[in-house]
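The sequence and the model come before the description.

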Amino acid sequence: MFRLPSRRALLLAAPVVFVATAVAAGLFSRNIPSNLDLALKKPTSEGLYIAAIAPEQEPVTVGRMHAWTVTLTDAKGKSVNSATIGINGGMPQHGHSLPTAPAVTKSLGGGRFLIEGVKFNMPGWWEIDLAIDGPAGADSITFNLVL
């Protein structure tokens, strides 16, 4: 038989729930760093490539689907036309990932690749992570955006 918790049990549990909620909120509500790198063109982590991202349409707004172009060159600036690019990302302030699963849908030539299916569901600090596997090897890069 199911029994409801006593009033005393509920009163004793309330402070524990309150503290746990406050701790969780603190862990997932980090401030935006004052020195956050907002560059949309930079070398990858290992320096194998130079990557740039740009939205297909501006302004970048919350709540709608976006397409982005990735431009990829090798370390010497020569276009990389053949690469596999994986996309991930999320919101470091809240500890969650992108609400969609963006993917490269086509190569545009000249080292440019179209990413479709990007959506930001709230304002704040977002990261776009790219995993690149191209002629020079595998590398990665993270871009920061503040909406």
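## Overall picture

Among contacts in the protein between residues at least 6 apart in sequence, 61% join residues at least 24 apart; a contact means heavy atoms within 4.5 Å. This is a predicted model, in which local features need pLDDT of at least 70 and side-chain atom pairs count only at pLDDT 80 or more, while totals for chains, interfaces and linings use all residues. Residues are numbered from 1 along each chain as its sequence is written, and side-chain values use heavy atoms, with hydrogens and water left out.

The secondary structure comes to one helix and nine strands, arranged along the sequence as α-β-β-β-β-β-β-β-β-β. Helices (H or I, at least four residues) and strands (E, at least two) are DSSP runs, numbered from the N terminus. Of the 147 residues in the protein, 30% are buried. Buried means under 20% relative accessible area, exposed over 50%, and partly exposed in between (1.4 Å probe, protein chains only). The protein exposes about 9000 Å², and carbon and sulfur atoms supply 59% of that area. Accessible areas come from the Shrake-Rupley method with a 1.4 Å probe; for residues, only the protein chains shown count as cover.

## Confidence

The average pLDDT of the protein is 88, and 80% of the residues score at least 70. pLDDT is the predictor's confidence in each residue, from 0 to 100. Over residues 17–28 the pLDDT stays under 50, and for this stretch the model has three contacts beyond four places in sequence.

## The five-stranded sheet

Five strands form an open sheet in the order β1-β2-β3-β7-β6, with antiparallel pairing. The edge strands are β1 (41–43) and β6 (103–109), each of which pairs on one side only. On average, neighbouring strands of this sheet are turned by 25° against each other, direction ignored. For such angles, axes are lines fitted to C-alpha atoms, for helices over the stretch in contact, and angles run from 0 to 180 degrees between N-to-C directions. Two strands pair if DSSP finds at least two bridges between them.

Strand β2 (residues 49–55) is joined to β3 by seven bridges, and the two run antiparallel; here Ile53 stands opposite Val70 in β3. β3 also pairs with strand β7 (residues 112–119), again in the antiparallel sense and over seven bridges, with His66 opposite Val118 in β7. Five bridges join β6 to β7 in an antiparallel arrangement, and Lys106 stands opposite Leu114 in β7.

Strand β3 (residues 65–74) is largely enclosed by the rest of the structure, because seven of its ten residues are buried. Thr73 lies in this strand and is buried, with a relative accessible area of 15%. Leaving out residues up to four places away in sequence, Thr73 touches Tyr49, Ile50, Lys78, Ser79 and Val80.

The loop between β2 and β3 contains Pro59. The peptide bond from Glu58 to Pro59 is cis, with omega near 0°. In general, most peptide bonds are trans.

Lys41 is in strand β1. With 61% relative accessibility, Lys41 counts as exposed. Not counting residues up to four places away in sequence, Lys41 touches Ile50, Ala51, Ala52 and Phe143. The C-alpha atoms of Lys41 and Ala54 are separated by 9.0 Å, and these residues are 13 residues apart along the chain.

## The four-stranded sheet

A further open sheet has four strands in the order β5-β4-β8-β9, and its pairing is antiparallel. The edge strands are β5 (96–97) and β9 (137–146), and each pairs on one side only. Strand β8 (residues 125–134) pairs with β9 in the antiparallel sense over ten bridges. Within this pairing, Asp129 has Thr142 in β9 as its bridge partner.

## An aromatic pair

The structure holds one aromatic pair. The rings of Phe120 and Trp126 have centres 5.3 Å apart and planes at 65°, so the pair is edge-to-face. Rings of Phe, Tyr and Trp (its six-membered ring) pair if their centres lie within 6.5 Å; planes under 30 degrees apart count as stacked, over 60 as edge-to-face and the rest as tilted. Phe120 and Trp126 are both buried.
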